[in-house]
Amino acid sequence: MSDTVYLNGEFMPLADARIPVLDRGFIFGDGIYEVIPVYSRHPFRLTEHLQRLQHSLDRIRIENPHDAAGWTRLIREIIERNDGDDQSVYLQVTRGVAKRDHAFPKGVKPTVFMMSNPLVTPAPALVESGVACITAQDFRWLNCDVKSIALLGNCLLRQLSVDAGAAETILLRDGQLTEASSSNVFVVKDGTVLTPPKNNLVLPGITYDVVIEIARAREFQLEVRAVTEAELRSADEIWLTSSTKEVLAVTTLDGKPVGDGNPGPLFRRMHALYQQFKLDHMR
Ligand SMILES: Cc1ncc(COP(=O)(O)O)c(C=O)c1O
């Protein structure tokens with residue numbers, strides 16, 4: 001496995017990449033990131049990832065250091081310079097290096113870093129078995145639509161599920177489902193697929209959008225609306241979605257079976273359609 005990364009205009013071995021300790025990403029968590037799945041060396045949904053990158057930058061008032069064509073060139077090059085057909089490209093932009101002061105510095109260039117790791121999607125056995133999840137109160141800030149590198153809240157919440165031997169922590173705020181620590185969440189109740197709308201309480205997942213697109217195209221019954229804790233707890237099926245988990249069934253929640261404790265029929269259909277969608281949309 002090669003480990004070529006990109007930092008501020010140059011490709012280099014990971015071991016040679018250095019940033020100053022006064023980088024505002026290090027000092028304040030002042031930056032944003034993206035994770036782009038790559039299948040057979042094709043970045044999946046690249047346009048949508050770059051649009052979300054722009055949204056995050058706009059929300060925290062950092063000027064985009066590259067246009068879409070520039071990002072596309074860099075992303076294609078990092079894929080090229082790393083081994084493996086299926087990769088997970090991580091990129092992050094911070095406000096840059098400046099003397100420590102909360103106020104935004106003037107005339108500072110953003111720091112741009114990219115790396116690529118092997119893309120590890122759920123093994124077939126996990127798709128067959130589904131995963132255990134726990135719930136927790138969503139105590140994160142109210143700007144969860146920003147893909148911020150300041151992920152301490154998400155890390156603390158994820159660790160709760162690690163400690164409980166579970167795969168994810170599903171989050172509830174004011175009696176309603178938001179998302180999970182690093183995934184979006186769908187619920188199936190009486191044949192209808194439910195998921196919360198995109199707003200400031202959730203990350204607008206690229207996989208979430210794909211699943212909704214498939215559900216609409218294939219005439220699943222779908223409602224994008226607030227989902228209550230009671231609906232989550234009495235769901236027939238629960239799915240997690242993310243770029244690395246793709247679509248994954250949740251088969252126990254807080255130790256209790258979801259439905260009959262096996263991945264449900266709508267999950268199986270959606271999972272198969274998602275795999276086909278990937279093949280049809282390699283670009
Ligand atoms: C908090 C959170 N929600 C949702 C997602 C899913 O987003 P995507 O489908 O773009 O990977 C992620 C991905 O890492 C996440 O961190």
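Predicted model: local features only at pLDDT ≥ 70, side-chain atom pairs only at ≥ 80, totals over all residues.
1. A backbone N or O atom of S243 sits 2.8 Å from one of the ligand's oxygen atoms. How much of the ligand does the protein cover? On its own the ligand has 390 Å² of accessible area, and the protein covers 91% of that.

2. Side chains reach the ligand too. For T207, an N or O atom of the side chain is 2.6 Å from a ligand oxygen atom. For R52, a side-chain N or O atom is 2.8 Å from an oxygen atom of the ligand. There are 17 residues around the ligand, and the ones that come nearest are R52, E179, I206, T207 and S243.

3. Now pick E179 out of that group and have a look at where it sits. E179 belongs to strand β9, which runs over residues 176–180. Is E179 buried or exposed? E179 has 4% relative accessibility, so it counts as buried, the cut-off for buried being under 20%.

4. What does the side chain of E179 reach? It gets to the backbone nitrogen of L203, at 3.1 Å. If you skip neighbours within four places in sequence, E179 is in contact with a list of residues that includes R140, C144, T169, L201, V202 and L203. Two of those names, T169 and C144, come up again below.

5. T169 lies in strand β8, residues 168–173. T169 has a relative accessible area of 0%, so it is buried. Its side chain still has a polar partner: a contact of 2.9 Å joins the side chains of T169 and S161. Leaving out residues up to four places away in sequence, T169 touches, among others, I134, T135, A136, L157, E179 and A180.

6. Next, the cysteines. How many disulfides does a search of the whole structure find? The search comes back with 0. Take C133, which is in no disulfide: the nearest cysteine sulfur to it belongs to C155 and is 17 Å away. C133 is also buried, with a relative accessible area of 2%.

Technical notes: Residues numbered from 1 in each chain as written. Heavy atoms only, no water. Disulfide = S-S within 2.5 Å. Buried < 20%, exposed > 50% of the residue type's maximum accessible area, 1.4 Å probe, protein only. Helix = DSSP H or I, 4+ residues; strand = E, 2+ residues; numbered from the N terminus. Polar contact = N/O pair within 3.5 Å; in protein donor to acceptor, adjacent residues only side chain to side chain. Contact = heavy atoms within 4.5 Å. Near = heavy atom within 4 Å. Areas by Shrake-Rupley, 256 points an atom, 1.4 Å probe, with all protein chains shown as cover.
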